[in-house]
Amino acid sequence: MNYLSVENLSKNYGEKSLFTDISFGVDQGQKIALVAKNGSGKTSLLNCLTNKDVPDSGRIVYRKGINVGYLQQESSYDESLTVFETVFETENEALLAIKAYSKCLENPEESERLQEAFDRVTELDAWNKESNIQEVLSKLRLNNMNEKVALLSGGQKRRLSLAKVIIEDPDLLILDEPTNHLDLDMIEWLENYLSTAKISLFMVTHDRYFLERVCDEILEIDRGSLFRYKGSYSYYLEKRAERYQIAEAEVGKAKNLLRKELEWMRRQPKARGTKSKARISDFYVTKAKAKQNFEEKKVAINVKMERLGTKILELHKVSKAFGDKVILDKFDYNFKRGEKVGLVGANGAGKSTLLNIINGIENVDSGKVVLGETVVIGYYNQKGLQLKEDKRVIEVIRDIAEYLPLAGGKKITAIQLLERFLFPSQTHFQYVHTLSGGEQKRLYLLTILMKNPNFLILDEPTNDLDIFTLQVLEDYLSEFQGCLIVVSHDRYFMDKIVDHLFVLNGDGTIDDVIGSYANYREFQKLKAQEEKKLQHEQNQRDSEKKKLEKIEEPKRNKIKLSYKEQREFDQLEKDIEALETEKETLSSELNNPNLAYEKMTQVSERLTALMEELDEKTMRWMELAEYA
């Protein structure tokens, strides 16, 4: 069943053509990702799909009656509303019924209204939806439902937008960079949720692990045309490389043919016949083809940086707190030459604070930060470029320096540097505000490198950068001879460039973990499984103890269940039955010898959690059954 059809769509901005005559569709159950270089029209295409912009030609057709949810980069809400009111600001009947029921629970003495609300949720079969809402809000850490939207941080508002669009449960979900402002735990939860849910999805993201594990088809906009790859991200990379090889071979043939045709063109007299005119027309087609360039540009900047001395950066018993929130507690560390460290931790754990302390932006409560005399810090922070709107791209670079010294006594000019950093000559005199968000981030990164630092500090450098720029940046950082500290939620990026991790635990302590982020997460999962197992065993012991205590307790003078308890009792019976069914399904899956290891781990984790939940609900059911 087709949900979306895009036919011969074109979009231009002034003289710049973003895409021409592109066509594609999204079918029910498909999970498609769109990739392209910054400035190629990804966000413009999404805006056309969601009626926020109008294409120059072509048409967009949605299947009649389907609901479409759109997560955009920036969302605006009524800041006078609470989180609860914003989540349930909807026309969805099931959500409105759950909203009414939640409000009635605040006044349980109004039993008649409560019963009506209860019956309405039951009639719409929305109880599973209620539990899904609780899961989404909990995983995205939107726990204070009464907090005003005006008091939320930018990251919290972004998570609120994501929660709202998921809870609406649309037929087709369109997501623009869904992993931005999520910490690593949230990204992994969202990745699992989208890959297992029976939904139709069309999204733009730079997270390559996310692409690999969620999507079954990749669309690429390249030089204004659309290319389609039915498969995972790794399949796309393989087939894209093949396409470029074929295209380069065709360009080579066209160049050889062009030389012959050029000689013929020069020999031709002015009066030409019909046959000659056709050949002349073919000549110009061949000429255009021969001019195509499929060589992937690389950022190769072999800069001559200031040599690092023996003393680089030393942190001596550094402590920092904001009120009762402890960020650092007597943290000690000495950096060595060429060290590349990744910072990870939940949002609010203090990653940006630690970076600001190193840069002297934040003062420490106690302790000392010692910076070596030869250290030149380049700090890329999340705020990005702070420039006037009338500033041109070339002026931004020339304001810092006219040239950059390279190894071997050579120099590179500002114009040459821009071209090496994937800014073609036609963009050099553009105003900064006309660049796409990703192009502005790339320009900001270039201004940092133009200062020729030997100690790079990057706070979320991957946000809004396209996949192709990320690959180039990874290559540059892998060859970077200085020290590097990076905060990023891009797991692929972290795995490729860092030697070890500082894990901020949120209580002032920092663990130094050797190895990649993937290794660290695997260790964390095994540790969590062990803790769950121990907790389950403890719960069983506590349960047995309560049973013995109940046997010895005298019976209470209780005659029957209250209205609320009766409702709980009825729901428990349904929950227990559903859990038993799921338990049988999961057990059957584990007995499948062909089950993949990763899937087996997921099933095992869910089965452990399910058994624990089943025990708790069964115990509660037994308590209520005595009076039912």
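**Sheets, aromatic pairs and selected contacts in a predicted model**

In this predicted model, strands β11, β10 and β13 form an open sheet of 3 strands, in that order, with antiparallel pairing. Its edge strands are β11 and β13 (366–371), each of which pairs on one side only. Neighbouring strands of this sheet are turned against each other by 20° on average, with direction ignored. Strand β10 (residues 313–322) runs antiparallel to β11, and 6 bridges join the two. Within this pairing, Val318 of β10 stands opposite Phe331 in β11. Helix α11 (residues 351–358) packs on the sheet and touches β10, β11 and β13. The direction of helix α11 makes about 130° with that of β10.

The protein as a whole has 628 residues, and 44% of them count as buried. It contains 19 helices and 20 strands. The accessible surface of the protein comes to about 33400 Å², and carbon and sulfur atoms account for 48% of this area. When contacts between residues at least 6 apart in sequence are considered, 69% join residues at least 24 apart.

A second open sheet is formed by 6 strands in the order β5-β6-β7-β3-β8-β9, and its pairing is mixed. Strands β5 (68–71) and β9 are the edge strands, each pairing on one side only. From one strand to the next, the twist averages 15°. Helix α1 (residues 42–49) packs on this sheet, where it touches β3 (31–36), β5, β6, β7 and β8. The direction of helix α1 makes about 150° with that of β6.

Strand β6 (residues 172–176) and strand β7 (residues 200–204) run parallel and are joined by 5 bridges. Here, Leu173 has Leu201 in β7 as its bridge partner. Strand β8 (residues 217–222) and strand β9 (residues 225–229), by contrast, run antiparallel, and 5 bridges join them as well. Tyr229 in β9 is the bridge partner of Ile218. The hairpin of β8 and β9 has 2 residues between the strands, and in this hairpin Arg223 takes a positive phi near 55°.

Aromatic pairs were examined next. A pair of aromatic rings is described by the distance of the centres and the angle of the planes. The structure holds 16 aromatic pairs. One of them, formed by Tyr233 and Tyr236, is tilted, with 5.7 Å from centre to centre and 40° between the planes. Because these two residues are 3 apart in helix α9 (residues 233–267), Tyr233 and Tyr236 are separated by about one helical turn. Tyr233 and Tyr236 are both buried.

Phe335 and Phe502 form an aromatic pair that is edge-to-face, with 6.3 Å from centre to centre and 70° between the planes. Phe335 lies in the loop between β11 (325–334) and β12 (340–344), whereas Phe502 lies in strand β19 (residues 500–504), so this pair ties together parts that are 167 residues apart in sequence. Phe335 and Phe502 are both buried. These two residues also belong to a cluster in which ring pairs link Phe331, Tyr333, Phe335, Phe455 and Phe502. The cluster includes Phe331, the residue of β11 that stands opposite Val318.

Charged side chains also sit over aromatic rings. The charged end of Lys11 sits over the ring of Tyr13, 5.2 Å from the ring centre. Likewise, the charged end of Arg213 sits over the ring of Tyr209, at 4.8 Å from its centre.

Gln471 is located in helix α15 (residues 467–479). With a relative accessibility of 27%, Gln471 counts as partly exposed. Residues up to four places away in sequence aside, Gln471 touches Arg208, Tyr233 and Leu237. Among these, Tyr233 is buried and is a member of the tilted pair with Tyr236. Gln471 and Lys496 are 25 residues apart along the chain, and their C-alpha atoms are separated by 9.9 Å.

How values were computed
Residues are numbered from 1 along each chain as its sequence is written. This is a predicted model: local features need pLDDT of at least 70, side-chain atom pairs count only at pLDDT 80 or more; totals for chains, interfaces and linings use all residues. Side-chain values use heavy atoms; hydrogens and water are left out. Two strands pair if DSSP finds at least two bridges between them. Helices (H or I, at least four residues) and strands (E, at least two) are DSSP runs, numbered from the N terminus. Buried means under 20% relative accessible area, exposed over 50%, partly exposed in between (1.4 Å probe, protein chains only). Contact means heavy atoms within 4.5 Å. Accessible areas come from the Shrake-Rupley method with a 1.4 Å probe; for residues, only the protein chains shown count as cover. Axes are lines fitted to C-alpha atoms, for helices over the stretch in contact, and angles run from 0 to 180 degrees between N-to-C directions. Rings of Phe, Tyr and Trp (its six-membered ring) pair if their centres lie within 6.5 Å; planes under 30 degrees apart count as stacked, over 60 as edge-to-face and the rest as tilted. A charge sits over a ring if NZ of Lys or CZ of Arg is within 6 Å of the ring centre and within 35 degrees of the ring normal.
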